Amino acid sequence: MQDADFEKPEADEKARRRPKDRQYVLDCLRRYGENSLCYLSLEEDKQWFFPEKTEGFAAYAMAGRIMVICGDPVCAPENLPDFLEQLHKFAKRRHLRIVFLFVLEKNLPCYRKEGYGSYKSGEEAVFDVQSWSMSGGKMAKVRSSWHTAVNHGLHVEEYLPWQKRDADIEKQMQEISDSWLGEKHTARLQFAMGSMMLDQQCDKRYFYAVDGEGIIQGFNVLNPYCSGKGWIIDIMRRRQDCPHGVMELLFHDIMEKLKTEGCLSASLGIAPFFNTLDEAHPSLLEKAEHYVYNNMNYIYGFKPLKEAKAKYRPVWKNVYLVCRPRHMTPWMDLAACSVLDSAGFHDYVDAFLEMKEQQMKDREKSLKENGKG
């Protein structure tokens with residue numbers, strides 16, 4: 001039975017995003033959100049699907065006739081089979097195909113039983129908060145970077161916008177974020193990455209590293225999962241000319257804060273396409289993901305992203321793409337890429353062409369230099 005203050009929206013065949021349903025979505029997230037991406041459901045790039053007979057929802061975006069869903073459905077674990085059955089009926093009536101991005105490995109048996117195909121799509125960097133430590137030889141570089149930041153006079157503060165807004169803090173964070181985005185070869189990524197969302201009260205947390213002059217050198221934005229017992233560092237930004245060790249300082253102090261609060265799990269997010277060939281019989285899609293991971297880092301820094309997470313010594317957990325029909329088609333793959341980039345799939349094409357042009361210039365320069373030699 002539902003609580004009196006947990007009113008479920010009426011099922012909507014059009015499954016549109018309705019502002020009045022936001023509180024219901026937030027309540028579901030607080031109760032059932034187990035996937036670390038679950039709080040991205042609140043972002044403006046998503047619609048909500050509410051099943052008729054089951055408490056919960058799924059957050060999705062449309063790309064043509066393909067329904068791309070972020071993470072797992074947000075519902076009680078025992079209700080997942082019924083949720084998936086209702087979702088399939090909904091999609092069948094509307095002649096839609098379904099793609100789930102970055103679902104948890106533990107849910108794969110349920111998806112497969114309901115007729116979905118599955119493909120490994122990367123690994124997530126997860127930490128046991130209560131046992132994590134910066135001590136030991138393997139953490140020497142991280143520890144050294146942390147000391148460097150401390151010696152520069154940096155310290156970490158938590159910004160609490162729901163208690164009191166600070167225009168200067170928000171201005172500095174926005175400047176840092178805009179500068180960081182300007183360095184990218186593609187437009188801002190979305191769908192599997194959130195925004196600061198400072199204008200809508202939610203459960204996000206904001207931590208920033210500031211120097212003695214009050215200049216913010218970097219900041220992190222955290223989203224909760226597992227009823228606040230887990231936190232994912234969703235956004236990580238730093239100034240271009242910041243002192244060395246800013247990110248290490250933020251990570252260390254955030255982990256210590258979470259530890260004192262009794263949190264159990266933390267995440268640095270997903271390394272897309274990492275280790276996709278470790279399946280028993282890799283599919284063509286998984287082989288293609290492996291190629292992209294190794295050869296398309298100009299477009300998106302897949303390897304550097306993974307290495308940036310790996311230095312903190314996480315436990316790597318598999319994440320998957322699941323789809324129905326069970327065989328992933330090029331059009332479904334295209335749909336997934338399209339919703340992940342704020343400028344659409346053509347942004348990847350433009351970045352690819354830019355990469356090829358740069359490679360050609362580099363070859364020409366090399367030939368000229370060798371010729372002179």
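Before any residue is called buried, we need the cut-off: buried means under 20% relative accessible area, exposed means over 50%, and partly exposed is in between. Lys46 has a relative accessible area of 1%, so this lysine counts as buried. Please keep in mind that the model is predicted.

Now, the chain as a whole. The secondary structure comes to ten helices and twelve strands. There are 373 residues, and 50% of them count as buried. The chain exposes about 18,500 Å², of which carbon and sulfur atoms supply 52%. If we take contacts between residues at least 6 apart in sequence, 72% join residues at least 24 apart.

Next, the nonpolar cores. The largest one has 40 residues, and those with the most contacts inside it include Leu29, Phe57, Val99 and Met328. Among the elements that give two or more residues to this core are α1 (22–32), β5 (97–104) and α9 (330–340). What does Met328 touch, leaving aside residues up to four places away in sequence? The list is Val99, Tyr119, Leu285, Leu321, Cys323 and Asp333. Another core, of 29 residues, lies apart from the largest one, and Leu154, Ile254, Ala266 and Leu268 are among its members.

Ile254 brings us to helix α6, residues 246–260. This helix has 15 residues and reaches 22 Å from its first C-alpha to its last, close to the 21 Å expected at 1.5 Å a residue. Its buried residues include Phe251, Ile254, Met255 and Leu258, and also Glu248 and His252. After α6 comes Gly262, with a positive phi near 85°.

On to charges. Side chains of opposite charge can pair when their charged atoms come close. A search of the whole structure finds 15 salt bridges. Back to Lys46: its salt-bridge partner is Asp45, with the closest N and O atoms 2.9 Å apart. Asp45 has a relative accessible area of 25%, so it is partly exposed.

Lys120 has two partners to show you. With Glu123, the closest N and O atoms are 2.6 Å apart, and both of these residues are buried. The other salt bridge is with Asp278, at 2.9 Å from N to O. Asp278 is partly exposed at 40% relative accessibility, whereas Lys120 is buried at 0%. Elsewhere, salt bridges with shared partners join Glu158, Arg205, Lys257 and Glu261 into one network.

Last, the rings. The count comes to 15 aromatic pairs. Phe49 and Phe83 have ring centres 5.8 Å apart and planes at 80°, so this pair is edge-to-face. Phe49 is in strand β1 and Phe83 in helix α2, so the pair ties together parts that are 34 residues apart in sequence. Phe49 is buried at 4% relative accessibility, and Phe83 is buried at 0%.

Tyr159 and Tyr206 are also edge-to-face, with 6.3 Å centre to centre and 65° between the planes. This pair links strand β7 to strand β8, its two residues being 47 apart. Tyr159 counts as buried at 4%, and Tyr206 counts as buried at 1%. Finally, ring pairs link Phe127, Trp132, Phe251 and Tyr312 into a cluster, and Phe251 is one of the buried residues of α6.

Definitions and conventions. Residues are numbered from 1 along each chain as its sequence is written. This is a predicted model: local features need pLDDT of at least 70, side-chain atom pairs count only at pLDDT 80 or more; totals for chains, interfaces and linings use all residues. Side-chain values use heavy atoms; hydrogens and water are left out. Helices (H or I, at least four residues) and strands (E, at least two) are DSSP runs, numbered from the N terminus. The expected span of a helix is 1.5 Å times one less than its number of residues. Buried means under 20% relative accessible area, exposed over 50%, partly exposed in between (1.4 Å probe, protein chains only). A nonpolar core is a set of buried Ala, Val, Leu, Ile, Met, Phe, Trp, Tyr and Cys residues joined through side-chain atoms within 4.5 Å. Contact means heavy atoms within 4.5 Å. A salt bridge is a side-chain nitrogen of Lys or Arg within 4 Å of a carboxyl oxygen of Asp or Glu. Accessible areas come from the Shrake-Rupley method with a 1.4 Å probe; for residues, only the protein chains shown count as cover. Rings of Phe, Tyr and Trp (its six-membered ring) pair if their centres lie within 6.5 Å; planes under 30 degrees apart count as stacked, over 60 as edge-to-face and the rest as tilted.
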